[in-house]
Amino acid sequence: NYILSVLSCVKYHNIINLLKAFKLLKQKKFEKLRFILILQILDKEYFLKVKKFIKNNFKKEEIIILHNLENKYLINLYKKAKFYIFSSYCEVFGLTSLEAMSQKCPVLISNTSAIPEINQKAALYFNPDNIEEIKNLMNRLLTENNLKKRLIKNGNNHFKKFNWNDAVNKTIKILEI
């Protein structure tokens, strides 16, 4: 019974706003719901801020932080998550949303930079500065089964458009010109 986020621990990934929205969500219901953060710590100072925020706002085990997780374990976390959430201000691509989609995990993601272009209709979008909106969309994904099914179906079709062999072949064609 958890939601999942896989990201680098840097300020522009906006982890604290996700945690604030999760805290609001838990105030109304979903008391057993947990939040798993799979982090690559790139900004130690920001990581300490995140840890302090968690310590001051959550009970033990409500937020689980994992580091350096092998892919074989990550796949199972995607498969069993209620949904995947990502709140970056600045992404040029963002493979984790496609990884989530490939495991039939619905995606809730920020509406900034190239993220909507990459994920198109396969994700639900939010303003990463609007904590109330994030909380409301989290609630919708947890309570609206038809929305969740639609995102899973769209995501399952969408991630198949991204293929490493096609990317290599197209890159070679560009380089040959």
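Let's start with strands E5 and E6, where E6 covers residues 124–126: the two pair in the parallel sense, over three bridges. If you want a spot to look for, find Ser110, which stands opposite Phe126 in E6. One thing to keep in mind as we go: this is a predicted model.

Now step across to the neighbouring pairing. Strand E4, residues 84–86, is joined to E5, residues 107–110, by three bridges, and these strands also run parallel. Here the pair to find is Phe86 and Ile109, the latter in E5, standing opposite each other.

In soluble globular proteins, nonpolar side chains tend to be buried together. Here, the largest nonpolar core has 52 residues, and the ones touching the most other members are Leu4, Leu19, Phe35 and Met138. Which helix gives the most to this core? That would be H1, residues 15–28, with seven residues.

Not counting residues up to four places away in sequence, its contacts include Ile3, Leu4, Leu18, Leu19, Phe22, Ile85 and Met138. Ser5 and Glu62 are also among the residues that Phe35 touches.

Staying with H1 for a moment, please look at its partner, helix H2, residues 44–57. Their axes come within 10 Å and cross at roughly 10°, so H1 and H2 are roughly parallel to each other. At the meeting point, H1 brings Ile15, Ile16, Leu19, Lys20 and Lys23, while H2 brings Tyr46, Lys49, Val50, Phe53, Ile54 and Asn57.

Ile15 turns up again in another place, as a contact of Ser8. Ser8 belongs to strand E1 and is buried, with a relative accessible area of 14%. Apart from neighbours within four places in sequence, Ser8 is in contact with His13, Ile15, Gln40 and Leu42.

Next comes helix H3, residues 71–80, where Leu74, Leu77 and Tyr78 are buried. Why do we say they share a side of H3? Because they cover an arc of only 100° around the axis. Turn to the other side of H3 and you'll find Lys72 and Lys80 exposed. As for what the buried residues pack against, it's strands E1, E2, E3 and E4, along with helix H4.

Last stop, helices H6, residues 131–143, and H7, residues 145–158. They pack with their axes 5 Å apart, at an angle of about 90°, which means H6 is roughly perpendicular to H7. If you'd like to see where they meet, look for Arg140, Leu141 and Thr143 in H6, and for Asn145, Leu147, Lys148 and Leu151 in H7.

Conventions
Residues are numbered from 1 along each chain as its sequence is written. This is a predicted model: local features need pLDDT of at least 70, side-chain atom pairs count only at pLDDT 80 or more; totals for chains, interfaces and linings use all residues. Side-chain values use heavy atoms; hydrogens and water are left out. Two strands pair if DSSP finds at least two bridges between them. Helices (H or I, at least four residues) and strands (E, at least two) are DSSP runs, numbered from the N terminus. A nonpolar core is a set of buried Ala, Val, Leu, Ile, Met, Phe, Trp, Tyr and Cys residues joined through side-chain atoms within 4.5 Å. Buried means under 20% relative accessible area, exposed over 50%, partly exposed in between (1.4 Å probe, protein chains only). Contact means heavy atoms within 4.5 Å. The arc is that of the directions from the helix axis to the C-beta atoms. Axes are lines fitted to C-alpha atoms, for helices over the stretch in contact, and angles run from 0 to 180 degrees between N-to-C directions. Angles under 35 degrees count as roughly parallel, over 145 as roughly antiparallel, 65 to 115 as roughly perpendicular and the rest as oblique.
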